[in-house]
Structures are given as C-alpha cells and as structure tokens.
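Good morning, colleagues. Please have the sequence and the structure open while I speak.

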Amino acid sequence: MLKRNSLGALAALAIGGLVAAAAAVPAQAEYPERPITLIVPWGAGGGTDATGRILGKLLEEDLGQPVNVVNRTGGSGVVGHSAIATAEPDGYTIGVLTVEIGMMHWSGITELTSADYTPLVIYNFDPAGVQVRADSPWQSVDDVLAAVKADPGAHKASGTGQGGIWHLAVAGLLQSSDISPDAVPWVPSKGAAAGLQSLAAGAVDIVPCSLPEAESLISAGKVRSLAIMADEPLAAYPDVPTLKDATGLDWKMGAWRGIAGPKGLPQDVADRLKASLEKAYNSDEFKEFMNSRGYGMIWASGDDAATFMAESNESLGKVMKSVGLAKE
C-alpha cells in the first residue's frame with residue numbers, strides 16, 4: 001500500500017510530465033509567419049498592377065511580412081485568375097480579381113467564376129463615361145441617344161476589343177434605352193487610348209471608357225465627358241453627372257478591382273487580411289494615390305464583396321447575351 005507522501009510524489013511527477021509534454025508541443029504561430037504572394041493577372045504598368053502594388057506595400061507594413069507582387073499574364077486574364085483560384089488556401093497566395101472574372105466564363109474561355117474564390121474586398125470601381133469630341137453637337141447623353149435612334153448604324157464607338165468592358169458598357173446603355181446594341185457599330189481597338197485617339201481624329205463618335213483614361217484629352221480640350229455609369233459622381237470629376245441624373249436611366253457599368261484568396265480560406269486568415277486591407281484602404285497614402293490618378297474608390301468586404309461580384313457577373317452575362325458574345 002502506498003503511503004500518502006508516495007502518492008504526492010507520483011502526482012507531482014505526473015503533473016511535471018504533463019507540463020513537459022505541453023512545452024514540447026510548439027505553439028501555433030499567428031498568421032502570417034512567412035512572405036505572402038500577391039498575384040496580378042495583368043501586365044506591369046497598368047492600373048491593376050499599380051493599385052495592387054500599393055496595396056501590397058501597405059499590407060506588408062501592417063502584417064510584418066514581405067508581400068511579393070507577381071504578374072501572371074496571359075489568356076486574356078485566365079492565367080493569373082486561375083493561379084489565384086488554384087493556390088493553397090492558406091493565406092500565403094492571394095491576388096487581384098478584376099471585372100473580367102465576370103466575363104471570361106460567359107465567353108467560354110474558362111469555367112472560373114467569382115464563386116471559385118474567397119472574396120476579401122472590392123476597393124476600386126471605375127465607371128464607364130460617355131465621351132464625345134469637344135466639338136460634337138451632342139451636349140448630353142439624351143442628344144446621343146436621340147441621334148442613334150434617328151439614324152441607326154451611322155455613329156460608331158470604340159475603346160477596347162470586341163466584347164471588352166467598354167463595349168459592353170455602351171451596349172448595355174443602348175439596351176436600357178430600348179435601342180438595339182447593333183445601332184452603334186463597335187470598332188475594336190487595342191484599348192481606351194487608341195479609341196480616344198480615333199475619337200479625337202473623327203474616326204468614331206463615342207468612347208465609353210473611364211474618365212481617368214480620358215483625362216489627358218479632356219484636359220487638352222479635345223474630348224468631353226457627358227456622364228458616368230455609376231451611382232454617384234466621381235470626386236475627381238464633380239461636374240460630370242451620373243447617367244441616372246442625366247437621363248433617368250439606371251444603368252451602371254465599369255471596371256472594378258478587388259482582392260481575393262482561393263476558395264476555402266480559413267475564416268481567421270480571411271478576417272486578418274480583410275482588417276489589414278481596410279486599414280490600407282483608409283490610409284492617407286492610399287487615398288492620395290487613388291485620387292491623384294482618378295481611380296474610383298469603393299469599399300465592399302466579405303459577403304458584400306461576394307454580392308458585388310455576383311451582381312456584376314449577372315449584368316455582364318445579360319449584356320453579352322444581347323450582343324451575341326455569350327457561349328452559355
């Protein structure tokens with residue numbers, strides 16, 4: 001029979017063993033404990049790259065780990081968006097999603113949709129504007145629509161490739177006005193800059209691109225913007241009305257950018273990233289960067305970001321079907 005002091009000794013040994021065992025199990029490190037990769041699906045020097053890099057810098061400062069921005073281009077955005085979706089869902093690979101995620105699957109070049117990601121935030125929305133030449137007789141969007149109705153096919157538009165975001169913007173505008181999208185022939189271009197040069201030269205009549213893209217020609221007095229397809233005027237362009245204010249039409253379309261991770265990102269990791277991104281978004285440095293370049297700032301986080309992307313996808317699908325560009 002064990003004496004009381006023997007029992008006490010055994011208990012002490014047992015407790016000591018448990019303490020030693022607990023000490024031998026390493027404490028779980030708080031995320032993040034190593035560098036993060038931020039994938040940009042478009043080339044260096046563009047707006048997606050620029051906004052992605054400043055967010056990467058601000059995330060790095062807040063999270064205390066390097067954030068390496070990597071451009072993964074190709075496949076009209078498919079390569080980079082796929083790299084984000086197929087990464088390990090551990091928070092160490094995230095990326096910039098763009099409006100094209102709501103277009104690529106409709107056109108049949110990928111099966112990816114926004115449902116294949118963990119949406120973190122939407123931080124940028126650049127609405128389409130309705131740009132005309134400075135010497136155009138059209139003083140309002142109503143003037144443009146009246147001219148198109150009166151002479152379908154006579155007035156051309158440009159600003160991106162066939163089926164690009166700005167093509168869909170003007171197609172949706174016409175559709176919401178009960179005008180066939182074919183009433184304004186689309187002239188494909190290599191981007192807004194090329195389309196705007198065609199506008200200034202008189203080769204086309206309308207360019208529905210973002211105002212930051214048209215800024216240089218607006219400042220030079222060669223182009224006028226009649227309205228933007230957004231809920232509110234842009235801070236950098238307070239004198240340009242929204243389409244709804246100008247015409248009563250409730251049609252919105254624009255290019256947007258957000259940050260997402262692969263589907264299945266742990267909730268604590270997603271919450272840490274969203275908090276850090278919100279801090280970056282609200283910083284003076286980010287606001288100054290965005291406002292000085294005319295990028296529209298918008299904030300949606302978590303479920304709100306997912307809803308934003310789903311609604312964008314629906315609008316894009318509807319317009320792409322109307323112009324015969326949807327494959328499903």
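Predicted model: local features only at pLDDT ≥ 70, side-chain atom pairs only at ≥ 80, totals over all residues.

I begin with strand E9, which spans residues 254–262. Nine of its nine residues are buried, and therefore the strand is largely enclosed by the rest of the structure. Which strands pair with E9? One is strand E3, residues 93–98, which runs antiparallel to E9 and is joined to it over four bridges. Within that pairing, Leu97 has Gly258 as its bridge partner in E9. Another is strand E4, residues 117–127, also antiparallel to E9, here over nine bridges. In E9, the residue opposite Asp126 is Ala255.

I turn next to the nonpolar cores. The largest holds 71 residues, and the members that touch the most others are Tyr117, Trp166, Leu173, Met229 and Trp256. Which element gives the most to this core? That is helix H5, with eight residues. There is also a second, separate core of 29 residues, among them Leu120, Tyr123, Ile259 and Met290.

Now to the helix pair. In general, the packing of two helices is described by the angle between their axes and the distance between those axes. For helix H6, residues 192–201, and helix H7, residues 211–219, the angle is about 35 degrees and the axes are 10 Å apart. The crossing of H6 past H7 is right-handed. On the H6 side, the contact is made by Ala192, Leu196 and Gln197, and on the H7 side by Glu213, Ala214 and Leu217.

Finally, the backbone. Most peptide bonds are trans, and most residues other than glycine have a negative phi. Where does this model contain a cis peptide bond? A cis bond joins Tyr31 and Pro32, with omega about -5 degrees. Pro32 belongs to the loop between helix H1 (4–24) and strand E1 (36–40).

Two residues other than glycine deserve mention for a positive phi. For Ser76, phi is near 55 degrees, and the residue is found in the loop between strand E2 (67–71) and helix H3 (78–85). For Asp178, phi is near 60 degrees; this residue lies in the loop between helix H5 (165–176) and strand E7 (186–187). Is Asp178 buried or exposed? The relative accessible area of Asp178 is 76%; the cut-off for an exposed residue is over 50%, and Asp178 is therefore exposed.

Thank you for your attention.

Technical notes
Residues numbered from 1 in each chain as written. Heavy atoms only, no water. Buried < 20%, exposed > 50% of the residue type's maximum accessible area, 1.4 Å probe, protein only. Helix = DSSP H or I, 4+ residues; strand = E, 2+ residues; numbered from the N terminus. Pairing = 2+ DSSP bridges. Core = buried A, V, L, I, M, F, W, Y, C linked by side-chain atoms within 4.5 Å. Axes fitted to C-alpha atoms, helices over the stretch in contact; angles between N-to-C directions. Left-handed = near helix turned anticlockwise from the far one by under 90°. Contact = heavy atoms within 4.5 Å.
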